[in-house]
Amino acid sequence: MRFVLDGMLGKLTRWLRMMGHDATYLNDTKDQELVAAALRENRTLLTSDVALYRFATARGADAYLVKGPTEAERLAGLASRFKLNLSVDTLDSRCPVCGAPLMKALKNEVKEKIPLATFNAFDEFWKCSNPECGKVYWQGSHWENINAVLEKAKEIQRRTESTSEAQKT
């Protein structure tokens with residue numbers, strides 16, 4: 001999926017990128033420019049701004065109104081609407097910072113870019129393929145938090161979809 005997200009959805013942008021989606025984050029961009037980017041680049045505009053959502057759909061852009069106060073609720077809504085897989089596959093992930101694909105990195109390649117304790121504790125690393133970014137990633141203690149949010153999102157999605165099905169009958 002290809003998305004463009006408004007300035008209020010920076011965290012959600014990072015989540016979508018980690019999950020392997022092409023997500024452009026346009027912070028401090030006027031509504032007209034956001035809609036133009038969505039149309040020009042054939043992206044779905046994600047926003048939590050009702051006025052922007054209405055403006056985009058009136059101009060023929062594919063748009064989705066993101067709801068929910070937590071990232072888990074927002075991810076669950078997106079997963080239901082766009083049939084997204086709520087998981088992070090390191091072979092398919094993108095850099096949460098710039099959106100470029102990640103690539104597996106040899107431990108010695110990243111030695112100078114990470115703390116010594118991290119180098120000694122972990123064996124698998126990934127780095128951003130964008131030379132201007134070059135950020136290095138590993139499955140450290142934050143990985144538990146990532147998985148916890150994704151599991152919560154899956155739970156919300158299941159609950160929401162089963163409630164919807166029950167209401168149809």
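Predicted model: local features only at pLDDT ≥ 70, side-chain atom pairs only at ≥ 80, totals over all residues.
Residues are numbered from 1 along each chain as its sequence is written. Local features need pLDDT of at least 70 and side-chain atom pairs pLDDT 80 or more, while totals for chains, interfaces and linings use all residues, and side-chain values use heavy atoms, without hydrogens and water.

The chain holds 7 helices and 7 strands (DSSP runs, H or I of at least four residues and E of at least two, numbered from the N terminus). Their order along the sequence is β-α-β-α-β-α-β-α-β-α-α-β-β-α. The C-alpha atoms fill a box of roughly 55 × 40 × 20 Å along the principal axes. Of the 169 residues, 41% are buried (under 20% relative accessible area, 1.4 Å probe, protein chains only).

The largest pocket has a volume of about 350 Å³. A pocket is an open set of points on a 1 Å grid where a 1.4 Å probe fits, with protein on both sides within 12 Å along at least five of seven lines; lining residues have an atom within 4 Å of a point. The volume is the space filled by probe spheres set on the points. The lining comprises 19 residues, with Met 18, Pro 96, Tyr 137, His 142 and Ile 146 nearest the centre. Helix 1 (10-18) and helix 7 (142-168) each give two or more residues. Helix 1 gives the most, with 4.

Asp 6 lies in the loop between strand 1 (2-5) and helix 1. Asp 6 is buried but has no salt bridge (Lys or Arg side-chain nitrogen within 4 Å of an Asp or Glu carboxyl oxygen). The nearest side chain of opposite charge, Arg 74, is 7.8 Å away.

Key
Buried < 20%, exposed > 50% of the residue type's maximum accessible area, 1.4 Å probe, protein only. Lys, Arg positive; Asp, Glu negative; His and termini not counted.
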